[in-house]
Amino acid sequence: MGKMNMVEAINLALKQEMEKDGDVIVLGEDVGVDGGVFRVTEGLLDAYGEERVIDTPLAESMIAGASVGMAIHGLKPVCEIQFSGFSYISFHQMEAHAARYRARTQGRFGIQMVLRCPYGGGVRALEHHSESREAYYAHTPGLKTVIPSGPRKARALLVSAIRDPDPVIFYEPKAAYRAFREEVPEDEETFPIGESEIVREGKDITFITYGAMLQRTLDAADTLQEEDGVEAEVIDLLTVSPMDDQKFTESVRKTGHVVIVHEAHRSFGPGAEMAARLVEKSFLYLEAPIRRVTGYDVVIPLYQREKDYIPDVKRILHGARETLEF
Amino acid sequence: MPKKEIDLAYKIEHLSILDEDGELDSDLEPDISDDLLVKMHRTMLLTRRFDERMLTLQRQGKMGTFAPIKGQEASQIGAAAVLKEKDWLAPSFREMAAEVWRGKSMENILLVYAGFNEGGLIPDESHTLPVCIPVATQVPHAAGLAYAIKFKKEENVVMVFHGDGATSEGDFHEGLNFAAVFQTPTVFVCQNNQWAISVPRSRQTHSKTLAQKALAYGMPGIQVDGNDILAVYSAAKDAVERARSGDGPTLIECITYRMSVHTTADDPSEYRDEEEVKEWEKRDPITRFQKYLKQKDLLSDEDIDNLEEEIKSDIKDVVQSWEEKMEDLGDPTDMFTYQYAELPPHLVAQKEEFEAMLSKKE
Ligand SMILES: Cc1ncc(C[n+]2csc(CCOP(=O)(O)OP(=O)(O)O)c2C)c(N)n1
Ligand SMILES: [Mg+2]
């Protein structure tokens, strides 16, 4: 297939799944004629028609709620919320119904749906277009929350999400949409939801991160190697919830030092859960306090100051050196 | 037990006073002072030119994304012109013309679009709310604000703007319903510019009009030619008077057109026909109003030329003062300052952490 950016890779996953399974439906605002405001759904309308690619009226609660209804009757909706900042309007449908239907009906109706939305900063956008609040979803029993970091994983994870019998929130780091290309195989590829991945091996310190923060964490790891002779292990979480703690708790048993990097707010963020698991499972191996390099607990500023909010290589390095020197 | 027609209190009318050729229905002509007419025209022209300037600034990379207002000047200024200073105005994200009419600082408008939170400052005396980006979410605010006005036995009214797409959101319906149930002094002004990004009005709702949504809530609804500033003004005046005298809310649907892109991140050639835009150019709200003002001897071609020069220089001054202001905006800890009335301990700590990082930066 050649090298693809994340937009093209997600588009490929949608196309191949729609081709393979006639019950897969795409719906959302501007996903049809316009091909999505980020062009993720481009070409789907022409290929699969208006019945399967639905330009909906402007109403996020309806988009999620109608998807729940479709799923009850056997369709497999992949709905798009234009920006994660507007997904809170659909949150109630996800929390009250998508997440609970299987349990409420004692297993009769699982809600097989995916709610996709771009999230995160870095694109000089208006207010409500840059936040990273995956914790809302991760905190909700019954939902799965997936965040890819690059094109290949995005494609593989989306295929798995569409086939997953339970509702999956698929958060797409918009800063990574066109940031780089990766080889994406033409042949079908999946990646298990609920599994993290060690993307760089090392013995001195563990970084746990995901989404758009992965690349800069890898950059920081390279710098540590060059400047400090420190070998960092980097773990890409990939699924925020249910959280795979096996790889990172094991890694920290080896390294004794850990830095968690995410764009989301610190308090009650995904890093807080990681820290709790580390304390529960690897406490005696920790040689320094767990360090969180995250967005602050404030509304992300407009774009001139966004860089002050979002962790950068410098902040990641600073956090790492503090733990290493502890 | 026969089948009978239910007698509804309201019917839907469409109001047009000044047509696209500048023909006037003098029976319907509103009584507007010459000074006000001239001021309305000046602001229409000013905001048209300012909009154009913003587009250039954005294309030059000096500003981020924004939603142009081109074509909607009459729908916005015609309605806002009815308000008194202490009435409230709640805009969405495409009401720059109405905001400028209300005296909002053009420098601040530029600051926000250039990514500076400082541009969000609202002067103490102002009754114009900030731009509201999540579609339709300002609608219930207008209902609640008007409830508070009624509660305090004040005379003011609230005017809220929203788009055609916004009428699909729950918040729109919930806001209208609340306003009607409690008969709050609210005027809902729908900017039906025919598009919600790529979705045409015809796909947004199966209803024939948006104005008729009012009927379900038991409030008057009217549709007006939104490119006819006299029609917008008349309908808004009726609605504001009704609200002020305690007779509750109104929905006004202004039929207008988004002449430009949805936002600067959008490419309309993906979904709409350029011919449609050309058709609407003939109905331009400004040239139509100019014909009317000329007939009334309130405007000449020479006046227009002079005004264009004046506006050019005004905008130049605004842009210059904005550029100077940006140089002075140096406090990156601003993101902590207004988070709460009082900074809680964990944020005090995070702010210190942030300041320490800042001082580390070379
Ligand atoms: C709740 C919400 N959903 C989606 C968006 C993204 N969005 C911004 S404007 C827009 C279309 C709005 O259409 P309309 O209400 O007709 O207003 P217009 O843009 O035409 O002025 C959309 C979908 C948003 N800002 N808020
Ligand atoms: Mg519209």
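**Figure 1. The two domains of chain A in the predicted model.** Chain A is divided into domain 1 (3–183) and domain 2 (197–324), with bounds from an automatic or database domain assignment. The C-alpha centres of domain 1 of chain A and domain 2 of chain A lie 26 Å apart. Their contact takes 24 residues from domain 1 of chain A and 21 residues from domain 2 of chain A; two residues are in contact if their C-beta atoms, placed from the backbone, lie within 7 Å. On the side of domain 1 of chain A that touches domain 2 of chain A, at least two residues each come from α6 (135–138), β6 (144–146) and α7 (151–163) of chain A. Helices (H or I, at least four residues) and strands (E, at least two) are DSSP runs, numbered from the N terminus. β6(A) gives the largest share of this side of domain 1 of chain A, three residues. By class, this side of domain 1 of chain A has ten nonpolar, seven polar and seven charged residues. Ala, Val, Leu, Ile, Met, Phe, Trp, Tyr, Cys and Pro count as nonpolar, Asp, Glu, Lys and Arg as charged, and the others, Gly among them, as polar.

This is a predicted model in which local features need pLDDT of at least 70 and side-chain atom pairs count only at pLDDT 80 or more, while totals for chains, interfaces and linings use all residues. Residues are numbered from 1 along each chain as its sequence is written, and chains are lettered from A and ligands numbered from 1 in the order in which they are written.

**Figure 2. Ligand 1 between chains A and B.** Ligand 1 lies between chains A and B. It is surrounded by 21 residues, of which the closest are A:F86, B:V135, B:G163, B:G165 and B:A196; a residue is near a molecule if its C-beta atom, placed from the backbone, lies within 6 Å of it. The shell around ligand 1 has ten nonpolar, six polar and five charged residues.

**Figure 3. The side of chain B that touches chain A.** In this interface, 34 residues of chain B are in contact with 30 residues of chain A. On the side of chain B, two or more residues each come from α7 (201–204), α13 (334–337) and α14 (345–360) of chain B. α14(B) gives the most, with six residues. This side of chain B divides into 17 nonpolar, 13 polar and four charged residues.

**Figure 4. The domains of chain B.** Chain B is divided into domain 1 (13–330) and domain 2 (335–362). The C-alpha centres of these two domains of chain B lie 38 Å apart.

**Figure 5. Packing of α5 and α6 in chain B.** Helix α5 (residues 138–151) and helix α6 (residues 170–181) of chain B pack at an angle of about 15 degrees, with their axes 7 Å apart. Axes are lines fitted to C-alpha atoms, for helices over the stretch in contact, and angles run from 0 to 180 degrees between N-to-C directions. α5(B) and α6(B) are therefore roughly parallel to each other; angles under 35 degrees count as roughly parallel, over 145 as roughly antiparallel, 65 to 115 as roughly perpendicular and the rest as oblique. The contact involves B:V139, B:P140, B:A142, B:A143 and B:A146 of α5(B), and B:D171, B:F172, B:E174, B:G175, B:F178 and B:A179 of α6(B). Eight of these residues are nonpolar, one is polar and two are charged.
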